[in-house]
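Subject: Structure for your review

Dear colleague,

Please find below the structure that I am handing over to you. I would be grateful if you could read the notes with the structure open beside them.

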Amino acid sequence: MDSTGLSASEKITLFSAWGLIRKDLEVHGRNMLLLLFHKHPHYVSYFDFTDDPAAQSLVDNKSLFNQSIHVIKAFGSLIEYGLKDPDLFNETLKKITRNHQHRNVYSSDVLTIGEVLLDYLAQVLGRQVSDSLPDAFRKLFATIASRFPVPPSPTTTPPSSSVESDGNDPEIEKTDDSQ
């Protein structure tokens, strides 16, 4: 195992699955993003779709098409080239991480996106999906996620010290706003 975190057989599994969708990257990239937005609508706000003000819907938006191509090609670069060359994998991942720093993309976001992409592959490939694909895919996304920051912990505001307590103050509940 190298810095990709994957064994040789896991790499072959990923190459095989990628080879099945590689010929239609534009369609698959768009569909993967649409599935992400369907399952997790808050991710729409991570993208800028203002370049196509004439679009009647997100499906018709040229900005979505453009961004989906970039997303799928970056992912494809990690598989096609990076899994063959761990140094290239690391450099590609550094660039991806750097490009997403100012967008507040966290490791948990990467894992969520990975699960959506895995669901998409399972839908598209059907019985062509190898039994080992889910584990290999999750390991790949765990490696990718490890390069992104951990989301900040939710904080709670302590009760105001200027309010007198009658001894019956409700406990402050900690909420988990992470995904």
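The model is predicted, so to speak of local features a pLDDT of at least 70 is needed, side-chain atom pairs count only at pLDDT 80 or more, and totals for chains, interfaces and linings use all residues. Residues are numbered from 1 along each chain as its sequence is written, and side-chain values use heavy atoms, with hydrogens and water left out.

On a 1 Å grid over the protein atoms alone, a cavity is a set of points where a 1.4 Å probe fits but cannot get out, while a pocket is an open set with protein on both sides within 12 Å along at least five of seven lines; lining residues have an atom within 4 Å of a point. Grid points are joined across faces, edges and corners, and a volume is the space filled by probe spheres set on the points.

The search of the whole structure gives one cavity of 30 Å³ or more. The lining of the largest cavity consists of L14, A17, W18, I21, F75, I79, L121, L133 and F137. Two or more of these residues come from each of α1 (8-21), α3 (62-82) and α6 (133-145), and α1 gives the most, with four. Helices are DSSP runs (H or I, at least four residues), numbered from the N terminus.

The largest pocket holds about 850 Å³ of space. Of the 27 residues that line the largest pocket, F47, V71, I96, H100 and R103 lie nearest its centre. Here α3 gives the most to the lining, with six residues.

Aromatic rings

There are six aromatic pairs in the structure. Rings of Phe, Tyr and Trp (its six-membered ring) pair if their centres lie within 6.5 Å; planes under 30 degrees apart count as stacked, over 60 as edge-to-face and the rest as tilted.

The pair of F75 and F141 is tilted, because the ring centres are 5.5 Å apart and the planes stand at 35°. F75 lies in helix α3 and F141 in helix α6, so this pair ties together parts that are 66 residues apart in sequence.

Yours sincerely
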